[in-house]
Amino acid sequence: MDKERFQHIMTNPQMIDDNDIASLFSIVESYPYFTVAQILLSIGLELCDDKRASKQLRLAAAMSPD
């Protein structure tokens, strides 16, 4: 995922598509404490009605600072 696309989905998370989800999975595997990517992945999975959405949301919440 390039920088421009990441910034675009950061400002418009409702525009996350399947390709973005795959890229976000790759990012969070490489950088598991990258909170923004974790949250965007949670949003993307929820938008796609993926069964992994609730697990990812709990993981993103646990990784988010107070």
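The structure under discussion is a predicted model. The chain contains 4 helices and 0 strands, and its pattern along the sequence reads α-α-α-α. The radius of gyration is 11 Å, close to the 11 Å that the globule rule gives for 66 residues, so the chain is as compact as a globular protein of that length. Along the principal axes, the C-alpha atoms fill a box of roughly 25 × 25 × 20 Å. Of the 66 residues, 29% count as buried. Among the contacts with a separation of 6 or more, 40% are made by residues 24 or more positions apart.

Helix H1 covers residues 3-11 and helix H2 covers residues 18-30. These two helices pack at an angle of about 105°, and their axes are 12 Å apart. An angle of 65 to 115 degrees counts as roughly perpendicular, and H1 is therefore described as roughly perpendicular to H2. Which residues of H1 and H2 meet? From H1 come Arg5, Phe6 and Ile9, and from H2 come Asp20, Leu24 and Ile27. The residues of this contact divide into 4 nonpolar, no polar and 2 charged.

Is Asp20 buried or exposed? Its relative accessibility is 5%, and because buried means under 20%, Asp20 counts as buried. Leaving aside residues up to four places away in sequence, Asp20 touches Met1, Arg5, Ile9 and Met15. Asn19, in contrast, has a relative accessibility of 60%. The cut-off for exposed is over 50%, so Asn19 counts as exposed. Asn19 can also be related to Pro32: the two are 13 residues apart in sequence, and their C-alpha atoms are 19 Å apart in space.

Helix H3 comes next in this account. H3 spans residues 35-47, and its 13 residues, at 1.5 Å a residue, should span 18 Å; the end C-alpha atoms are 18 Å apart, which agrees. The buried residues of H3 are Thr35, Ala37, Gln38, Leu40, Leu41, Ser42, Gly44 and Leu45. Against which helices do the buried residues of H3 pack? They pack against H1, H2 and helix H4, which covers 53-63.

Gln38 is found in helix H3 and is buried, because its relative accessible area is 2%. Apart from residues up to four places away in sequence, Gln38 touches Val28, Pro32, Gln56, Leu59 and Ala60.

Asp49 is exposed, with a relative accessible area of 67%. What is the phi of Asp49? The value is near 55°, which is positive, in a residue other than glycine.

Conventions: Residues are numbered from 1 along each chain as its sequence is written. This is a predicted model: local features need pLDDT of at least 70, side-chain atom pairs count only at pLDDT 80 or more; totals for chains, interfaces and linings use all residues. Side-chain values use heavy atoms; hydrogens and water are left out. Axes are lines fitted to C-alpha atoms, for helices over the stretch in contact, and angles run from 0 to 180 degrees between N-to-C directions. Angles under 35 degrees count as roughly parallel, over 145 as roughly antiparallel, 65 to 115 as roughly perpendicular and the rest as oblique. Contact means heavy atoms within 4.5 Å. Ala, Val, Leu, Ile, Met, Phe, Trp, Tyr, Cys and Pro count as nonpolar, Asp, Glu, Lys and Arg as charged, and the others, Gly among them, as polar. Buried means under 20% relative accessible area, exposed over 50%, partly exposed in between (1.4 Å probe, protein chains only). The expected span of a helix is 1.5 Å times one less than its number of residues. The radius of gyration is taken over C-alpha atoms; the globule rule is 2.2 Å times the number of residues to the power 0.38.
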